[in-house]
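Good morning, and thank you for coming. I would like to walk you through a structure that may be new to you, one region at a time.

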Amino acid sequence: MDVKTDVLIIGSGIAALQAARILAEHFQVQIVTKSSITMSSSYRAQGGIAAVTSQEDHPTFHIADTLTAGEYHHERMNVEVLIEDGTKIIRDFLKEGFPVDRQADGAPALGLEGAHSYRRILHAGGDRTGQIMINYLLNQLPPTININCFETAFELLLNTTGECVGVLTKGMNRTKCYLAHHVILASGGAGALYTCTSNYETNTGDGIALAYRAGAAISDMEFMQFHPSLLWSNGEAKGLVSEAVRGAGGIFVDAQRQPIMKGLHAHLDLAPRHITAFALFNKRAAGQETFIDISNIEHFEAKFPAIAQLCHDNQIDIQNGLIPVVPGSHFLMGGVIADNMGRTTISNLYAIGEVACTGVHGANRLASNSLLEGITFGQRMAQFIIKAGCKQNNFSIDVKHHRQPSPLLFTKDQLRQTMMHTLGIVRNPVNMEQFIQQLPSLNTLLQVDLGGLNQQELELYMMHIVATLMVHAAITRTETRGAHIRSDQPQNRTKWANRWIIFQQGQMKVRNSLYEYHQARGNAQAIF
């Protein structure tokens with residue numbers, strides 16, 4: 001079954017919906033998502049949106065905080081675009097009536113989160129910012145947009161001149177072919193490759209695997225951010241306990257209510273996430289339980305209704321003031337290389353949101369910059385596409401003859417457990433090298449014929465591509481930087497400053513720029 005449209009969006013988070021509401025005023029738009037329209041990390045976002053809205057704050061301060069948190073592994077120009085354009089866009093949202101929480105005098109109630117130097121976190125519904133933002137954007141979508149749920153995108157389609165012109169999807173054992181002038185990846189991150197995660201189980205990095213299989217460049221796959229506070233109950237992570245809880249006065253403690261962060265960082269419990277996550281990791285590795293002490297937060301249930309309900313649902317009694325927490329995978333800084341208009345290395349293929357790598361998050365994302373990223377780059381990309389128009393006239397597909405059956409793969413549980421052990425908060429080269437030997441090669445994975453696989457098999461296949469990219473990047477960066485912590489190299493190394501590990505078409509390159517313009521030839525090696 002063929003579906004022809006002007007613009008195809010793969011994903012349904014904040015970046016996808018922000019782009020869709022703008023593009024739909026000019027074009028026919030189709031949205032494809034592998035689950036329901038609201039099953040995204042954006043919808044679950046608790047903390048809020050980081051943006052400069054107070055007189056005391058300034059975009060230069062927000063830029064500085066972003067660079068510091070990410071340890072200066074950034075594309076500086078894109079960080080400036082994110083903060084400066086994002087500030088204007090969020091202020092427009094407020095003028096349009098987006099329902100942020102407000103103080104008694106009507107001013108926005110601004111929260112404080114880790115590594116921010118000023119109160120600048122806008123939130124809505126207490127800790128339901130993502131849910132309210134997604135519903136706000138959904139309500140603005142015109143009825144002309146077609147939303148196709150429970151379809152797994154598994155193959156990007158390139159025409160005979162190498163431009164992206166569509167995608168194949170599978171749902172209910174039926175394959176569909178979408179053809180479009182512009183194809184947008186907005187499919188989110190890969191946190192669900194780990195057993196302990198804040199993400200939905202559907203966040204398996206499909207968009208990254210799709211793009212890599214099609215020949216797009218990928219970068220920063222070693223940088224998975226681990227959030228320090230996932231609710232821990234009955235031996236499992238049950239969801240996120242927002243950093244905003246610590247901004248409101250919560251502190252990390254052990255079972256004896258002794259502060260964990262004292263003496264470890266000047267910002268204590270509001271230190272950058274890799275600092276706090278590492279501190280809790282070390283406590284738990286030593287056999288100690290870890291908690292957030294909320295006893296100093298007045299009216300906790302009113303301020304954080306979703307977290308209070310999450311605790312109640314998992315039989316956690318918050319009346320004693322302690323919420324059991326553990327670190328877990330949260331946000332992937334890497335992904336499909338894209339510029340600040342969303343353009344990837346394949347013509348007419350775009351990437352926005354967590355699936356994209358634009359260099360704005362560095363080695364460790366600043367808290368609450370993710371929703372800002374989705375809104376900002378979703379809008380910038382949409383405006384670029386509107387100017388470009390729909391001019392594609394070559395929809396002749398360059399058919400790739402992948403004939404190999406799928407190799408032996410880990411089960412989903414085996415892969416997630418191995419990822420947690422090997423590519424968790426702390427990594428060592430021996431475990432990573434063993435993992436590489438156990439995985440099929442990228443070359444083998446790229447030759448697989450996907451046509452006969454069902455949705456579950458396709459997802460597992462995509463997970464293996466992403467895991468393989470991640471472990472190769474992690475073993476190559478022989479230093480600790482931001483979220484990337486090496487047990488054998490616990491410090492930053494000068495030779496790795498401003499170096500980017502790039503994967504494309506079977507090769508890995510280490511470059512001194514995210515982008516190839518003004519780029520000297522980098523070191524390259526084949527990944528087989």
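Strand β3 is joined to strand β5 (residues 121–122) by 2 bridges, and the two run antiparallel. In this pairing, Ala 50 stands opposite Ile 121 of β5. Before going further, a word on the source: this is a predicted model, in which local features need pLDDT of at least 70 and side-chain atom pairs count only at pLDDT 80 or more, while totals for chains, interfaces and linings use all residues. Residues are numbered from 1 along each chain as its sequence is written, and side-chain values use heavy atoms, with hydrogens and water left out.

Helices (H or I, at least four residues) and strands (E, at least two) are DSSP runs, numbered from the N terminus. Two strands pair if DSSP finds at least two bridges between them.

Let us return to the sheet. It is an open one of 3 strands, in the order β3-β5-β4, with antiparallel pairing. The edges are taken by β3 (49–50) and β4 (110–111); each has a single partner strand, so one side of each is left without a neighbour in the sheet.

I turn now to strand β11, which spans residues 224–233. How many of its residues are buried, that is, under 20% relative accessible area? The count is 9 of its 10 residues, and the strand is thus described as mostly covered.

Which strands pair with β11? One is strand β15 (residues 322–332), which pairs with β11 in the antiparallel sense over 6 bridges. There, Gln 225 stands opposite Phe 331 of β15. Another is strand β12 (residues 236–240), joined to β11 by 3 bridges and also antiparallel. Here Leu 230 stands opposite Leu 240 of β12. β11 and β12 form a hairpin with 2 residues between them, and Asn 234 in the turn has a positive phi of about 55°.

That brings me to backbone angles. Most residues other than glycine have a negative phi, and most peptide bonds are trans. Leu 268, which is not a glycine, has a positive phi near 50°. Leu 268 sits in the loop between β13 (251–253) and α8 (273–285), and at 38% relative accessibility it counts as partly exposed. Ser 368 also has a positive phi, of about 65°, although it is not a glycine. Its place is the loop between β18 (356–357) and α11 (369–388). With a relative accessible area of 6%, Ser 368 is buried.

Next, the helices. Two packed helices are described by the angle between their axes and the distance between the axes. Axes are lines fitted to C-alpha atoms, for helices over the stretch in contact, and angles run from 0 to 180 degrees between N-to-C directions.

Helix α3 (residues 59–69) and helix α4 (residues 76–96) pack at about 135°, with axes 10 Å apart. The two are therefore oblique to each other; angles under 35 degrees count as roughly parallel, over 145 as roughly antiparallel, 65 to 115 as roughly perpendicular and the rest as oblique. The contact, meaning heavy atoms within 4.5 Å, is made by residues including His 62 and Ile 63 of α3 and Val 79 and Ile 83 of α4.

Helix α6 (residues 206–214) and helix α15 (residues 455–476) have axes that come within 8 Å and cross at roughly 80°. That makes α6 roughly perpendicular to α15. Among the residues in this contact are Leu 210 and Arg 213 of α6 and Tyr 461 and Ile 465 of α15.

Not counting residues up to four places away in sequence, Arg 213 touches Glu 155, His 402, Leu 445, Leu 446, Val 448, Leu 450 and Tyr 461.

Ile 31 is buried, with a relative accessible area of 0%. The C-alpha atoms of Ile 31 and Ile 9 are separated by 4.7 Å, although the residues are 22 apart along the chain. Leaving aside neighbours within four places in sequence, the contacts of Ile 31 include Ile 9, Leu 17, Ile 37 and Ile 145.

How values were computed
Buried < 20%, exposed > 50% of the residue type's maximum accessible area, 1.4 Å probe, protein only.
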